[in-house]
Amino acid sequence: MTDSTPLEKADRFVGDDSLSDLIFDNIPDYAFIKDDQLRIVKANSAFRSMYPEEAREKIIGYTTLDSYQPEEVEEFIKDDKKALETGYAECLEIINFPDGGVRTLFTRKKRFYDANGATFILGLSSDVTEREHLVAQLKRSNEALDEFAYIASHDLKAPLNAISKLVTWIDEDYGDELPEGAKENFDLIQQRVSRMSKLLHDLLIYSRVNRKHSENETFEFSEFTKEIYDSIDIEAKLKLECTSLIVTLPKTALEVVTRNLISNSLKHHDCENGSLIIHVKESPEEYEIHFIDDGPGIPPEYREKVFEMFQTLKPRDQQEGSGMGLAIIKKVLNFYGGSVDIVDSNVGTEFVIKWPKVDTRVNPN
């Protein structure tokens with residue numbers, strides 16, 4: 001008897017059903033195959049283990065739908081039909097198992113054909129119960145933090161405003177009588193009060209981002225941008241150019257993003273004269289908005305860090321600011337399913353905003 005060649009061994013290997021059965025049975029996910037009548041024709045050990053031992057003989061050849069609640073059956077059938085018609089379906093489902101347990105499964109169903117042309121569905125269900133539990137916990141924690149930030153910043157504004165008024169009155173009545181050293185410290189108090197007021201204002205905006213979804217509005221982009229530019233109270237002036245285009249976007253949310261980016265360009269520009277170009281282009285899926293200035297730019301090593309809370313490139317005594325503007329922008333874009341990035345630019349800074357036309361968070365389908 002002569003030894004088989006590697007190719008001959010490979011042919012026998014591929015044609016050996018025992019191998020595919022072994023692989024299928026040892027898949028850690030719940031794996032099953034259904035025919036076009038939605039009857040289970042094959043199930044692995046993990047799938048069979050969902051059922052009490054006495055019920056396992058009624059899995060193969062049956063739909064097993066009578067083991068579930070009517071509303072669950074409706075969802076199963078809907079996804080099975082979708083997989084049969086379109087070739088693929090996936091869903092996240094909370095299942096009351098036949099053994100009494102409640103688990104969250106991420107299930108993918110894919111259509112395939114056998115050698116005779118018969119139609120089947122291969123189903124794979126991953127148990128994501130623990131993951132979804134952690135996601136829910138994280139969501140509750142974030143909501144609690146947002147609530148705390150909102151209440152704290154809102155309630156702290158009143159006493160801070162009172163302090164600001166008292167300081168102003170003292171300055172007006174006795175400012176000229178203060179010794180030079182005391183005057184200097186008094187100016188620092190006014191500066192710190194102003195900084196704290198800006199910080200609380202930005203904290204309020206940050207905490208409100210996830211509270212309410214801003215509805216889409218249709219408006220002219222360049223007019224919208226120029227109105228924001230003219231309303232910003234910063235001495236520096238840049239030559240503004242922006243695209244004229246009718247857009248449909250959540251105007252209130254876009255204003256938060258645009259105001260912060262324009263303020264950044266004005267505040268950080270290091271020359272008396274400069275330019276700010278705001279260019280928007282539209283595709284079937286999204287709007288892409290570029291904010292390009294010719295200021296000092298942001299070094300590559302800080303381009304991720306600047307989107308974190310309370311981050312500034314200069315000490316606050318040199319450049320006033322809460323360090324939250326870019327963090328607010330990132331949170332807004334995340335909320336609406338978009339993105340913000342800083343791209344390489346020979347001069348200055350270029351921010352690229354991508355804003356989807358359909359909010360996948362609100363309209364997942």
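**Sheet and helix packing in a predicted model**

Student: In what order do the strands of the open sheet of 5 strands stand?

Tutor: In this predicted model, local features need pLDDT of at least 70, side-chain atom pairs count only at pLDDT 80 or more, and totals for chains, interfaces and linings use all residues. Residues are numbered from 1 along each chain as its sequence is written, and side-chain values use heavy atoms, with hydrogens and water left out. Strands are DSSP runs (E, at least two residues) and helices are likewise DSSP runs (H or I, at least four), numbered from the N terminus, and two strands pair if DSSP finds at least two bridges between them. The open sheet of 5 strands has mixed pairing, and its order is 7-9-10-12-11.

Student: Is helix 9 largely enclosed or open, and how many of its residues are buried?

Tutor: Helix 9 (residues 325-335) lies across strand 11 and strand 12, and what covers its buried residues includes helix 5 (129-174), helix 6 (180-208) and helix 8. Buried means under 20% relative accessible area, with exposed over 50% and partly exposed in between, for a 1.4 Å probe and protein chains only. Among the buried residues of helix 9 are Leu326, Ile329, Lys331 and Phe335. Helix 9 is largely enclosed by the rest of the structure, because the buried residues number 9 of the 11.

Student: Is Glu85 buried or exposed?

Tutor: Glu85 has its place in helix 4 (residues 70-86). Its relative accessibility is 62%, so Glu85 counts as exposed.

Student: At what angle do helix 7 and helix 8 pack?

Tutor: Residues of helix 7 including Phe221, Phe224 and Ile228 belong to a contact in which Leu254, Ile262 and Leu266 are among those of helix 8, where contact means heavy atoms within 4.5 Å. Axes are lines fitted to C-alpha atoms, for helices over the stretch in contact, and angles run from 0 to 180 degrees between N-to-C directions. The axes of helix 7 (residues 221-231) and helix 8 lie 10 Å apart, and the angle is about 55°.
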